[in-house]
Every structure is written in structure tokens, then in C-alpha cells.
Amino acid sequence: MKEYKLIDFKKNSDGRGFLIALEEDRDIPFKIKRVYYIYDTPMDVVRGRHAHRKLQQVIICLKGSCDFSLDNGEEKILVHLDKPDIGLYIGNNIWREFTNFSSDCVIMVLASEHYNDKDYIRDYKVFLKYLHKND
Ligand code: TYD
């Protein structure tokens, strides 16, 4: 599935712990217009369950762990995130569901666009139709 990738961030470590810096158009492959974070998510909750028409995101699990199911309409993969030095890049047109949040999980999301409700596709059938709109 080409619309996602894992990005290894450069860790700065000098005996005082770790520091990771993320710069737009360098470590992050787009201009960062928005940052949000998710925490205190109950274990049995499913977040996401949508796709985006345009938005690109990089998701970083700063603490704890959780699972990301990604679906491009043809194949589905599961990505487990549990390290703050890995970013999960998700392009547009990917159906995503986030599950299995550990109780200490903190997820930070860097996004390429401001929040725009119109960019969301929240119905899976509409998502599949949208993918095949030019067939
Ligand atoms: P929602 O899209 O349901 O989160 P998730 O995709 O993780 O399931 O967002 C939850 C609420 O937060 C919803 O009322 C919209 C609001 N929200 C913002 O105001 N700004 C944002 O950048 C995001 C992602 C959500």
C-alpha cells in the first residue's frame, strides 16, 4: 500500500535522554498546518473510522501503544505503534481505524490542513465509491 509509510525520526541522545525535532518539509513530508493529540482513550474505543479526500497526516505514538488499521479499498494492513521515534505517514484516500489504546497512550497527529469537516468521508460505502469515481 503506497499511501502510507513509517518514518524513522532522528534521535538526539547525549546521556540526558532523547530529543526529537520535527521540521516541516524535512522530517515531515508536508507543511504542518495543525497539530492535535489524543489521550485517556478507553481501551475498547475505536477512533477514526473515516478517510480524507485531501488531508495528509503523520501520527506519532508519544507514549504507550495503539493499533492502526489502514485500508485503501483493495488491501488492509495493521500497524502497531509503540515508539516516539517512529511516525506513521498516512496519505489521503485511506480508510483508518485506531484501536487497542493502552491506558497511558498519547498520540500526536501532525496534519497538512486546517480542520475541515468537508474533507472527511465517514461512510465506508461512500469511500469505496469515491475511490472509483474516475473508473
Ligand atoms: P473526531 O474526528 O471524531 O476524532 P477521531 O478521528 O480521532 O475519531 O474528532 C473528535 C472531535 O474533535 C469532533 O467534534 C471534531 C473535533 N476536532 C477538532 O475540532 N479539530 C480537529 O483537528 C480534530 C481532528 C477534531
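Helices (H or I, at least four residues) and strands (E, at least two) are DSSP runs, numbered from the N terminus.

**View 1. The whole chain.** This is a predicted model, in which local features need pLDDT of at least 70, side-chain atom pairs count only at pLDDT 80 or more, and totals for chains, interfaces and linings use all residues. Residues are numbered from 1 along each chain as its sequence is written, and side-chain values use heavy atoms, with hydrogens and water left out.

**View 2. Residues around the ligand.** The shell is made up of R34, Y36, I38, R47, G48, H50, Y115 and Y120 (near means a heavy atom within 4 Å). At least two shell residues come from each of β4 (34-39) and β5 (47-52).

**View 3. Oxygen atoms of the ligand.** A side-chain N or O atom of R34 sits 2.4 Å from a ligand oxygen. For the side chain of R47, the distance from an N or O atom to a ligand oxygen is 2.8 Å. G48 uses its backbone instead, with an N or O atom 2.9 Å from an oxygen of the ligand. On its own the ligand has 530 Å² of accessible area, and the protein covers 57% of that (Shrake-Rupley method, 1.4 Å probe).

Terms used:
Polar contact = N/O pair within 3.5 Å; in protein donor to acceptor, adjacent residues only side chain to side chain.
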